[in-house]
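Hi,

Here is the structure I promised to pass on. Have a look at it first, and my notes follow below.

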Amino acid sequence: MTLAVAEREQLIVSARDAAYEPLRESDIAAEAQRRLAKAGWDVLGAGEETQLNRSLGCVLVEPRLAGGLRADMLLTVGGQVVGIVECKRDGTDLTDAMEQAGALAEAPAGSLPWPVWRSPLPYRYVSDGRRLLFCDANDPESHARLVSGFHQPRTLARWQREAEADSAAPTYRARQAAYLLRQDEGFDQLRVAQHGAVQAIEQALAAGQRRALVRMATGSGRSFTGVFTAYRQLRYARGPGPVRGRPQAGRTPTDRSAAPVQHAGRRAPSR
């Protein structure tokens, strides 16, 4: 029997979850705070709610929202509220829980006693103590996905800068769809199979797929295809800022005159 990628991943997650003892409700929030601290967040205690500039990334625990509601945690970066974390009982459907987190994230900015970067809050996490679901509402077609841990404060800070620099394509996925497919740099020097592979990968990523599998024959230039694809991602979808190791002026990564990368003790592979 052949399973689709999404079904196979869900089967793996279900099997892994079944191997753990259910967490008590009192332990779930504590586990989320431990994982936040591990990622570099400063979890503020009672009476420390005004110290948002103590660290780049701070966590407000059980803050009050509009209408008497409470969030489990709010995330602040650079003194501004940017995200929300909700903790749910073990076994809860995290997709439904993410919708609830989204409703809390829409609390009017003026109803909070802290500065808010954007309203609704874009960065949303839901956890049951083991699984962690994340959603970036800045994506034009945002959807939640499982992640292995909380993003670091500096990562969210970089995403903020990128979103402010390009409001039309504020996220990596948005830039893939908006810009990548319009660029044909170096395509004229690719082999037919390489050209088709690169285009197929970019079309899959622009459509929202997070993984792509390419099958190419031995000697068809697989390594170069992978390097060229990565270069285009960095060049056109990465966001503002220089691309390290970019080709010299007047050259593309496919120029035959460019010096090949040499590995110690090995001859550089041909295309």
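Asp-128 is buried, with a relative accessibility of 0%. Keep in mind that this is a predicted model. The side chain of Asp-128 forms a salt bridge with Arg-131, at 2.8 Å from N to O. Arg-131 counts as buried too, at 18% relative accessibility.

In total, the structure has 10 salt bridges. Another one pairs Asp-139 with Arg-173, where the closest N and O atoms are 3.4 Å apart. That pair ties together distant parts of the chain: Asp-139 sits in the loop between β6 and β7 (145-146), while Arg-173 belongs to helix α5 (residues 172-178), 34 residues apart. Asp-139 is buried, at 9% relative accessible area. There is also a network, with Asp-42, Glu-48 and Arg-54 joined by salt bridges that share partners.

Now for helix α2 (residues 25-38). Its 14 residues should span 20 Å at 1.5 Å a residue, and the end C-alpha atoms are 21 Å apart, which agrees. Which residues of α2 are buried? They are Ile-28, Ala-32, Arg-35 and Leu-36. Seen down the axis of α2, the buried residues fall within an arc of 105°, so they line one face of the helix. They pack against β2 (57-61), β3 (73-77), β4 (80-87), β5 (123-127) and β6 (132-136). On the face turned away from the buried side you'll find the exposed residues Ser-26 and Lys-38.

Arg-34 is partly exposed at 45%, and Glu-31 is partly exposed at 21% relative accessibility.

Cheers

Terms used
Residues numbered from 1 in each chain as written. Predicted model: local features only at pLDDT ≥ 70, side-chain atom pairs only at ≥ 80, totals over all residues. Heavy atoms only, no water. Helix = DSSP H or I, 4+ residues; strand = E, 2+ residues; numbered from the N terminus. Expected span 1.5 Å × (residues − 1). Buried < 20%, exposed > 50% of the residue type's maximum accessible area, 1.4 Å probe, protein only. Arc of directions from axis to C-beta. Contact = heavy atoms within 4.5 Å. Salt bridge = Lys/Arg side-chain N within 4 Å of Asp/Glu carboxyl O.
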